[in-house]
Amino acid sequence: MQVEELYSIARREFAEDLIFEVDDKPVTLSIKGLLLARAEKKGYNFSFFEVTETETVLAVQMKGFIVYIGIESDEELDDEEYAEVGKALLEHLAPKIALLITKAEKGYTGRAEVLLDDGMSAEMKEFLYSVLIRHRQGKSPYEQTEVA
């Protein structure tokens, strides 16, 4: 399995704008970036990281991989809207993430790759590329702080 196949899946499956309805109001989300990285654990988990007021990264971990999806919204969402959109986003993206990871399991040997950069903002690029570097160095992608 070639890395080019993963790039192709990322462009075909993830480079899109999604429209969700929240409180009878349309909310447009654009997928701007995607990073695939190996994880130390095989469990399932997901997290949201706020990059800016209108940019978020959804990280989904499964089967020994983490998929980071950079998402830009057309407007800032409040906490209630964020929860509703997050649930719908996970439901929509789960099959696409599973497809990508299934293909990666069949022969991807790298530590991490940015598979999609579709006009990411400087802040989003900084976030995703710092995560990429940490994965490639074998470090945890999350900031660790010590308790005083």
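**Figure 1. Gln61, a buried residue of strand β4.** In this predicted model, Gln61 has a relative accessible area of 16% and is therefore classed as buried (buried, under 20% relative accessible area; exposed, over 50%; partly exposed, in between; 1.4 Å probe, protein chains only). The residue lies in strand β4 (helices, H or I, of at least four residues and strands, E, of at least two are DSSP runs, numbered from the N terminus). A polar atom of the Gln61 side chain is 3.3 Å from the backbone oxygen of Lys41 (a polar contact is a pair of N or O atoms within 3.5 Å; within protein, one must be able to donate a hydrogen and the other to accept it, and residues adjacent in sequence count only if both atoms are side-chain atoms). When neighbours within four places in sequence are left aside, Gln61 is in contact with Ala39, Lys41, Gly43, Tyr44, Asn45 and Ile66 (contact, heavy atoms within 4.5 Å). Residues are numbered from 1 along each chain as its sequence is written, and side-chain values use heavy atoms, with hydrogens and water left out. As the model is predicted, local features need pLDDT of at least 70 and side-chain atom pairs count only at pLDDT 80 or more, whereas totals for chains, interfaces and linings use all residues.

**Figure 2. The hairpin of β3 and β4.** Strands β3 (45-50) and β4 (55-62) form a hairpin with four residues between them. Their pairing is antiparallel and runs over six bridges (two strands pair if DSSP finds at least two bridges between them). Ser47 has Ala59 of β4 as its bridge partner.

**Figure 3. The largest pocket.** This pocket holds about 430 Å³ of space (on a 1 Å grid over the protein atoms alone, a pocket is an open set of points where a 1.4 Å probe fits, with protein on both sides within 12 Å along at least five of seven lines; lining residues have an atom within 4 Å of a point). The volume is the space filled by probe spheres set on the points, which are joined across faces, edges and corners. The lining comprises 18 residues, of which Ala39, Glu40, Ile66, His135 and Pro141 are the closest to the centre. Strands β3 and β4 each supply at least two lining residues. By class, the lining contains seven nonpolar, six polar and five charged residues (Ala, Val, Leu, Ile, Met, Phe, Trp, Tyr, Cys and Pro count as nonpolar; Asp, Glu, Lys and Arg as charged; the others, Gly among them, as polar).

**Figure 4. The second largest pocket.** The volume here is about 230 Å³. Among its 19 lining residues, Glu53, Thr56, Ser73, Leu77 and Tyr82 are the closest to the centre. At least two lining residues come from each of β3, β4, β5 (65-73) and α2 (79-105), and α2 gives the most, with five. The lining divides into seven nonpolar, four polar and eight charged residues.

**Figure 5. Asp23 and Asp24 in the loop between β1 and β2.** Asp23 lies in the loop between β1 (17-22) and β2 (25-38), and Asp24 lies in the loop between β1 and β2. Most residues other than glycine have a negative phi. Asp23, although not a glycine, has a positive phi of about 50 degrees, and phi of Asp24 is likewise positive, near 60 degrees. Asp23 is exposed, with a relative accessible area of 53%; Asp24 is exposed at 71%.

**Figure 6. Gly107 in the loop between α2 and β6.** Gly107 is placed in the loop between α2 and β6 (112-117). With a relative accessible area of 34%, Gly107 is partly exposed. Its C-alpha atom is separated by 9.0 Å from that of Val3, a residue 104 residues apart from Gly107 along the chain.
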